[in-house]
Structure formats: C-alpha cells, structure tokens
Amino acid sequence: MMACIFQTQLKFAARLDDSMKATAIHLFNPRQNLWNIDEVIGLDHVVAPQYFDKIPAPVLKDFRVLLARDVYSEGDAQALYDYIWARKGEMSEAFLKMLNLWLADELKHYEALRRTYRCIAGVSYAEMDRCFEARVHETQPIERVLRDEFTMLVTLMFDEMSSVYSYRHDLREYYAHFGPAVQRVGRYLVKDEGMHFRNAAQVLLQEHSHRLWEMEPLLQDIANLEKRLGKYYNTFFLDHAQERFRFPSHFAQVIIQVILAQFGLGDRPSTKTLQSLWQWG
Ligand SMILES: [Fe+2]
Ligand SMILES: [Fe+2]
C-alpha cells in the first residue's frame, strides 16, 4: 500500500521544477493519528494485580529497564526540535510543517510512556522530571547526519522505521501483557512511528527527489555511525545505539532494505525476514 503511494509520488516529484515547488507546499499535508492520551491511559492509571501475577519476574524487570530508556528518548524530541528550529532558515516549509506535527506526537509519546513507566515501575512523575532535567543533549557526535535537511530526513526515516519494528516487538513481548490501557499505548506508538516515516518520506520526495541516489550510501553511513557510537547522546536520533544488543544482528540492514524498497530503490525483504525483526526473544 505504502509502496504504491510512493510510486505515484515518485513520478510526480520527477516532474516538479522550482517554479512548481511553491505550489507543492500546499499539496503536502502531513498526517497524524488522532488519539487522546487521557482516553488511553489516565495520569493515575493502575495496572490490575492479576497482570503482575502472571508475568515472569525477568520479563517485568526487562520491561522496566526498557521503559526507563524509552520514556526519556521520546522526550528528547524537544531537544532535537529546538536544535533544528535554531537552523530553520535552512529548512523548507514542508519540513517545518511536518516537524511541528511530529513534535506534538513525540511529546504525547513521552507523556504516554511516563504514565506507563509510573504504573509499571512505580517511579513518580517528580523523579522523572528530575532525571529528564539532568539530561545533557549532545549533537556533536551525530553532526554528520545533521548536515542539512536531506540528511536529517533520511536519519529520521531510519529512526522511525526502526522504532516501528522495535515497538512492534515490545508490544508483543511487554505492553500486551499489562491490560488494555498499556496495550493501547504500545499500539499507538507503532502506528505513530509509521506515520512519522510516511510524512518524512513525503517531504523528501517533494523537496529532495533529485538526491534519491544518495539514500543508500547515506543509510549505510547512518547504520555504521549508530554501531560505532555504542551509546546514545540524548538527541533523539540514533537512540537504538543504546540497545543494539537487544536486536537481531541484521536489524539495521533489513530496515535499510525496507526504506529503499519504499522508494522503488530495491526489493522489499521477504515476510519471513521482516517477521524476524520483531518476532524474537
Ligand atoms: Fe515516538
Ligand atoms: Fe516518531
């Protein structure tokens, strides 16, 4: 489905010249899944004891460790947004339009995960506030992916598509076992990260279709950087560097294939290979 949409847009983008770009901004409409956080998980949500009783202790421990990382990574979206916004003169209108919607979603994820973390691990909001305020956001280690709007978009697509599969795994492994509210949080995370990928891909096609040939080497560069970093620098991008050991070794390469296939730049991995990205553990 997504591949078909992009095929049509690829043909459209190829016909755009500069004089048509001004009109094209009006054609770009970033999309958003609409869900109300208070209707999904309340501030004081309590997970019923029977869910905790059924979960093996090591699984609960792992979920708590995972949430302790993911909650703050989502909040780091604000730091990335602030960094990009300080350079907004270099960015296209379509990118900035997408970014505003993206930030609203990521901050909603931050809040949804704060609520989840609290009811799963018993950590108070005040303690989370303290941890988050103490974070240092470093852009220098990842500056090669922050060169321009194109490299940021490709990095964002890599991150968002990686999150689709990692959250899909975590939904099955963790979120699904703690009642309907926590399960719905996991489902919306997967859906939203997919939408973020789609919106970024559309901006890329509209604004940078002449640079599509750069995508494959750039994606490899991003994956290599993530591997080399070995740690996450609290700037939203490449947050999976902090948990690479969790994923199958071929994870990043398959994600790259998935992305290239969306742009008609390669074959989509087989269903079995895609399943191996989230059905493990
Ligand atoms: Fe997110
Ligand atoms: Fe996202």
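This is a predicted model: local features need pLDDT of at least 70, side-chain atom pairs count only at pLDDT 80 or more; totals for chains, interfaces and linings use all residues.

User: How many helices and strands does the protein have?

Analyst: There are 13 helices and zero strands. The radius of gyration is 19 Å, close to the 19 Å that the globule rule gives for 281 residues, so the protein is as compact as a globular protein of that length. Its C-alpha atoms fill a box of roughly 60 × 40 × 35 Å along the principal axes.

User: Which residues touch the most other members of the largest nonpolar core?

Analyst: The largest nonpolar core has 63 residues, and Met 157, Ala 200 and Ile 255 touch the most other members. Among the elements that give two or more residues to this core are helix 9 (149-173), helix 10 (180-208) and helix 12 (251-262). Leaving out residues up to four places away in sequence, Met 157 touches Phe 197, Ala 200, Ala 201 and Ile 259.

User: How do I describe two helices that pack, and at what angle do helix 9 and helix 10 pack?

Analyst: Two packed helices are described by the angle between their axes and the distance between the axes. For helix 9 and helix 10 the angle is about 160°, and the axes are 8 Å apart. That angle makes helix 9 roughly antiparallel to helix 10. The crossing of helix 9 past helix 10 is left-handed.

Terms used: Residues are numbered from 1 along each chain as its sequence is written. Chains are lettered from A and ligands numbered from 1 in the order in which they are written. Helices (H or I, at least four residues) and strands (E, at least two) are DSSP runs, numbered from the N terminus. The radius of gyration is taken over C-alpha atoms; the globule rule is 2.2 Å times the number of residues to the power 0.38. A nonpolar core is a set of buried Ala, Val, Leu, Ile, Met, Phe, Trp, Tyr and Cys residues joined through C-beta atoms within 7 Å. A residue is buried if 20 or more other C-beta atoms lie within 10 Å of its own, exposed if 12 or fewer, and partly exposed in between; C-beta atoms are placed from the backbone. Two residues are in contact if their C-beta atoms, placed from the backbone, lie within 7 Å. Axes are lines fitted to C-alpha atoms, for helices over the stretch in contact, and angles run from 0 to 180 degrees between N-to-C directions. Angles under 35 degrees count as roughly parallel, over 145 as roughly antiparallel, 65 to 115 as roughly perpendicular and the rest as oblique. A crossing is left-handed if the near helix is turned anticlockwise from the far one by less than a right angle, and right-handed if clockwise.
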